[in-house]
Amino acid sequence: MKKREGKKGWIEWFKGAKASGIPALVRFAERKKKRLDGLIAHASHPISTGKLEGFNNRIKVAKRIAYGYRDEDYFFSLILFISIPSIRSQSLKKT
């Protein structure tokens with residue numbers, strides 16, 4: 001039921017956007033209309049890649065830290081170290 005309502009709502013919005021005659025809004029609506037199934041799926045299952053992107057950023061920082069070291073084991077050990085929150089938070093605490 002929610003999917004039908006969502007699809008109906010989006011279609012009405014697309015019609016209103018096209019009827020507005022605002023060129024940027026019309027283009028936006030045309031692009032989003034092609035992805036209607038994805039919009040409805042995201043409303044049902046709001047999945048984010050934020051944590052994955054954050055971890056990838058940590059790996060990039062570790063790569064910069066490890067620059068110049070010839071030992072790949074050090075680099076992978078560093079990635080393992082930063083991926084374990086309990087160990088990382090203990091090492092950062094000031095005693």
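Visitor: Which residue forms a salt bridge with Glu-12?

Guide: A salt bridge here is a side-chain nitrogen of Lys or Arg within 4 Å of a carboxyl oxygen of Asp or Glu. For Glu-12 the partner is Lys-15, with the closest N and O atoms 3.9 Å apart. By this rule the count comes to 1 salt bridge. Bear in mind that this is a predicted model, where local features need pLDDT of at least 70, side-chain atom pairs count only at pLDDT 80 or more, and totals for chains, interfaces and linings use all residues. Residues are numbered from 1 along each chain as its sequence is written, and side-chain values use heavy atoms, leaving out hydrogens and water.

Visitor: Where do Glu-12 and Lys-15 lie?

Guide: Helices are DSSP runs (H or I, at least four residues), numbered from the N terminus. Both residues sit in helix 1 (residues 2-20), 3 residues apart, or about one turn of the helix.

Visitor: Why does Glu-12 count as partly exposed?

Guide: Look at relative accessible area with a 1.4 Å probe, protein chains only: buried is under 20%, exposed is over 50%, and partly exposed is in between. Glu-12 has 46% relative accessibility, so it counts as partly exposed.

Visitor: Which residues make up the largest nonpolar core?

Guide: A nonpolar core is a set of buried Ala, Val, Leu, Ile, Met, Phe, Trp, Tyr and Cys residues joined through side-chain atoms within 4.5 Å. The largest has 6 residues: Ala-62, Ala-66, Phe-75, Leu-78, Ile-79 and Ile-82. Helix 5 supplies the largest share of this core, 4 residues. Apart from it there's another core, of 5 residues, including Phe-14 and Leu-36.

Definitions and conventions
Helices (H or I, at least four residues) and strands (E, at least two) are DSSP runs, numbered from the N terminus.
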